[in-house]
Structure formats: C-alpha cells, structure tokens
Amino acid sequence: MPFRWRCGEEQRLMLHFDSSMSVHGSVLRKLREKVPNVLFQMLLRGANAVGYTAYPDNVVYQFVKLAKDNGVDVFRIFDSLNYVENLKLGIDAVRQAGGIVEASISYTGDVSDPKRTKYSLQYYLDLARELVACGTHILGIKDMAGLLKPRAATILIGALRKEFPDLPIHVHTHDTAGTGVASMLAALEAGADIVDTAVDAMSGLTSQPSMGALVSCLDGTPMSTGISAPLLYKLNDYWDQVRQLYGRFESTLRSGCSDVYLHEMPGGQYTNLQFQAHSLGLATRWAEIKRAYSEANQLLGDIVKVTPSSKVVGDLAQFMVQNNLDAEKLKAQASTLSFPNSVVEYFQGMLGQPAGGFPEPLRSNVIRGKHTVTGRPGASLPPLDWDQHRAALQKKFPGVRIRDVDLVSSALYPKVFDDYLHNQAEYGDVSLLPTRYFLVGLPVGQECTIDTGKGRSLLVRLLAVGYLNPEGKREVFFEVNGATHTLKVEDKKAACDVITREKARPDV
C-alpha cells in the first residue's frame, strides 16, 4: 500500500509489507532491485519479531539485521499489549541495524468518549512520551479495528502534535465501519504527516480507506497530494484484475459494519475468524461469535487487540460459543474448564503485561498454579546457538545449503520452514507458476507459459485427466514444449478408501 510521507519539504512514497513477508527467499531482494528509490516498510512485533510468541533476544536482533540488509528501510514496531518492555527491544534492534524506527501505539477504546477511561488521552500521551524517550524516528498510531472516529482522531493527533511539534506522525486505520476516509482527513487536519490508504480496488471494509477518495478530497486544499488521478486509475485497473484471482478467498462481508465499535475486532482478524467459524461448524453462529468477542475482551481485562493478543480474544470467543458459555457461566466454571492454550499463556504473562494488570480471580482459576512471567517474556530465554542450529538443519536436510536467512526463518517458524523445504524438494519452485493456475489448476485443453527465469520458457498444455484408481490417484497427461508426459497424481478431493502405511523415513 503506497502513501505519502511529508516531512518538511521532502516527500517520499513508501511501500509497506505486512509481517508475513519473511526475509527468507529472494522476493524482497528482487523488489529492492526493481524499486531502488522507494522506502520499504515492514511490521515488527517488538520482542515477538514476526511470530506469535517470545523468542531469544539474539533471534530478534538477527532477524532485524537480515531484514535491513535485504532491503527493508522502515520498521513499524508495535506490541499487542502496548507493553513498553517488548517495544524497547524492537526499537533497540532496529537502531542497531541502522533502520528507521517507527514505534507505534496500538489504539483501542475511544478518546472522544469521557466514559471510556481506561484508554484515555492521557494514557496515549504517556505512552508516546516513553517511545520518544526510547529514540523513535516516527510515531505511529496503529488502529487495527478502525475504532478511531473522526472526532477522536482530531483529539488524539492534535494533542500529539502539540506535544511533539517536530516528530513525524503516522496513522494507520481500517475501514470496517466505513468512516476511514473521514477519520484520516481529520487526522491530517490535526497534524498527521502520514496516513495509510489502499488503492480503490483493494480498499474499504476490513481493508484501509480508499486512496482515490482521500486524494480527491485533498485536491484544491493546502494538503493536496499532487498524485495524478489518471495514474491512480491505471493502478486500480491492475489491482482490480489481481483481486479477482483471489475471489475464492473473499469474506462474506459486503458492506460496512458499525458493530465494530461494539466488538472491536481488528480488520485483519475479522475474515480469518469467520473462516475459522466455518471450519468449526459455527458458520450460522457468526453473530454470536461477534457478541462473545466483546464479552471475551472484557473477561481478559479490556485489552489492546492486535496480533497475537487478538488471537487470544478470538480463541476465547469461539470457545464460549462452542460450549454455550456467557461471561457469568465462564467465570463460575473457570476452575474446571479446559481453556485454549493461547488464553492460558496470556494469563501466564507469555505475551507481556496488559495495562491495568490481569483480572482476578479469573487469572488464578485459569492458570491453576502454572508458572507466571512478570517481566518481558523473552528476557529469560537463553540465546539460540546458531552453529548448533545450523548443524541440526543440515543433518535434517542433507544437500540443502543452509543460509543465514534459513536459520532465522527456521528459528521463527520451525514447522513452516520444514514444510517449505519438503515442499520445495517435492514440487520445485512453484513461485514460477502463474497465480491463476497455482490457485485453481490448468483446465483440460488449455496451456500456459512458465518463465523459468533462465532464458527458457516452458509451454505446458493439459491434455487429459484419467479415472481414479484404487490408490486414490489419477493419471495426468500433459505436454511440455510439445513432448507428451504422464504422471500419477493423488486426488485429495476424491472420496475413496485407501490403506497407506506411513514410512519412518519418507526418503527410503
């Protein structure tokens, strides 16, 4: 998502990557080569790096160093509970790596409502002062649920601008309720330097507000962006086509939902939780899950909800609906219930310390004597032995050259990394496949061109797909550059009884 950074007379376009973009692989380096003069930004979950748990400090520092070396310029650092000790580690790691620090405050509550006192204007000002004292270069406001109403944006950004007149302020929001453009206009008028938007074809609902709408609203004002509308239309046409490729993954949300001000569910989690509800057989109880989400949040202490703390709230909400529990029933039965692991670990302090502390006696009834962490969770973890880790990976994957980026990827996501190498060994580099055919397959009788990137292209045509055999496989007939080939491929959608015996060593 591009947006304008205005600081003094200097203007730059910034390209943002979600935390899902690991330093592993060559995608980031390729983009850096193609786009040398645009700032690249990524999310960093403080002491959690890009994961969902605490890691040894040296893992976080090494990840940030490699991300910077491979092309990331700006690191938007946040913590899912706004726990300053977790934020400090991320800030220090980025400063050591020579990156631009954007320490971010995750927004929740409503500073325009005097009855909402836990996350007051004073709370945000105090937190901002701590982050500025830590040496942040940019101050971020991260509104993941789209709760920042226009009046609240005026109050919050206006107060921050008054307190820090020379510090760049960056505001991120989601458009779930449909108020995103209005809120970003209010933020800009109150003194924000950067606001996040999405091209029109990818905007709205649980995404960011519309770039085209914001640019048009600012035309003719002192804050006019100078962005060409015809160029935006071209971009929009491209992304409109791209979005259609992923249509099968779209959520059922078709319009703005103002009930986000009740349940406070982050935009990125909304669709994920909806898919989870379908897989758990709770699709018809989505309205109940949203209400339970609000109740779960209060049970946990009315917490900041950003990954991974939002996952804790979502897991508890689904647990409540599955077991027909409301808040009172859950509290009454807490000492006998088998809570999701994420909820237990939250109460143990594995994510850090929430504002106002943990609610009792619910916490004691959930953890039942398990050990607790009172400070930064990663502080007590021993450093990862990189040499030992490399030797273990080399033994597990003989013949594979283990690079530094592989070591860090494995340290952050052990199972995902192992699955990736197994997949590479079995299927090769599937990133070369056209997106459409990677997602839905090649129809019989059609062909596609695969550019191998080595001065050679492969013309592949699917000729026929045979009947299902007793082993659950089908014979596939296809051509590659005119030569006919056949393969037996497992049909994972077929309904048949197949007896398989798993090998202790798959390579034998």
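Leu121, Tyr124, Leu125, Ala128 and Arg129 in helix H4 meet Ile155, Leu156, Ala159, Leu160 and Glu163 in helix H5, where contact means heavy atoms within 4.5 Å. By class, this contact of H4 with H5 has eight nonpolar, no polar and two charged residues. Here Ala, Val, Leu, Ile, Met, Phe, Trp, Tyr, Cys and Pro count as nonpolar, Asp, Glu, Lys and Arg as charged, and the others, Gly among them, as polar. The helices are DSSP runs (H or I, at least four residues), numbered from the N terminus.

The model is predicted: local features need pLDDT of at least 70, side-chain atom pairs count only at pLDDT 80 or more, and totals for chains, interfaces and linings use all residues. Residues are numbered from 1 along each chain as its sequence is written, and side-chain values use heavy atoms, with hydrogens and water left out.

Two packed helices are described by the angle between their axes and the distance between the axes. H4 covers residues 121-133 and H5 residues 150-163; their axes come within 10 Å and cross at roughly 40°. That makes H4 oblique to H5. Angles under 35 degrees count as roughly parallel, over 145 as roughly antiparallel, 65 to 115 as roughly perpendicular and the rest as oblique. The axes are lines fitted to C-alpha atoms, for helices over the stretch in contact, and the angles run from 0 to 180 degrees between N-to-C directions. The crossing of H4 with H5 is right-handed. A crossing has this hand if the near helix is turned clockwise from the far one by less than a right angle, and is left-handed if anticlockwise.

In soluble globular proteins, nonpolar side chains tend to be buried together. The largest nonpolar core has 73 residues, of which Tyr107, Leu156, Ile157, Leu160 and Val171 touch the most other members. Such a core is a set of buried Ala, Val, Leu, Ile, Met, Phe, Trp, Tyr and Cys residues joined through side-chain atoms within 4.5 Å. Buried means under 20% relative accessible area, exposed over 50%, and partly exposed in between, with a 1.4 Å probe and protein chains only. Leaving aside neighbours within four places in sequence, Val171 is in contact with Ile141, Leu148, Ile157, Met184, Ala187, Ala192, Ile194, Val195 and Asp196. Another core, of 39 residues, lies apart from the largest one and includes Ile303, Leu325, Leu330 and Phe358.

Phe358 is also one of the residues touched by Phe347; the others, not counting residues up to four places away in sequence, are Leu299, Leu300, Pro359, Leu362, Arg363, Val366 and Ile367. Phe347 belongs to helix H14 and is buried, at 1% relative accessibility. From Phe347 to Thr372 there are 25 residues in sequence, and 7.9 Å in space, C-alpha to C-alpha.

H14 (residues 341-348) also packs against helix H12 (residues 309-322), at an angle of about 130° and with the axes 8 Å apart. H12 and H14 are therefore oblique to each other, and their crossing is left-handed. On the H12 side, Lys311, Val312, Asp315 and Leu316 meet Ser342, Val343 and Tyr346 in H14. The classes in this contact are four nonpolar, one polar and two charged residues.

The loops around these helices hold some backbone features. Between helix H11 (286-299) and H12 lies Pro308, and the peptide bond from Thr307 to Pro308 is cis, with omega near 5°. The loop between H11 and H12 also holds Asp302, which has a positive phi of about 55° although it is not a glycine. Asp302 counts as buried, at 13% relative accessibility. Another cis peptide bond, with omega about 5°, joins Glu360 and Pro361; Pro361 is in the loop between H14 and helix H15 (362-367). Glu264, in the loop between helix H9 (260-263) and helix H10 (267-279), has phi near 60°, a positive value in a residue other than glycine. Glu264 is buried too, with a relative accessible area of 5%.

Arg32 is in helix H1 (residues 27-34) and is buried, with a relative accessible area of 17%. Arg32 and Val72 are 40 residues apart in sequence and 8.5 Å apart in space, C-alpha to C-alpha. Not counting residues up to four places away in sequence, Arg32 touches Asn37, Val38, Phe40, Asn70, Gly71 and Asp73.

Note on methods
Helices (H or I, at least four residues) and strands (E, at least two) are DSSP runs, numbered from the N terminus.
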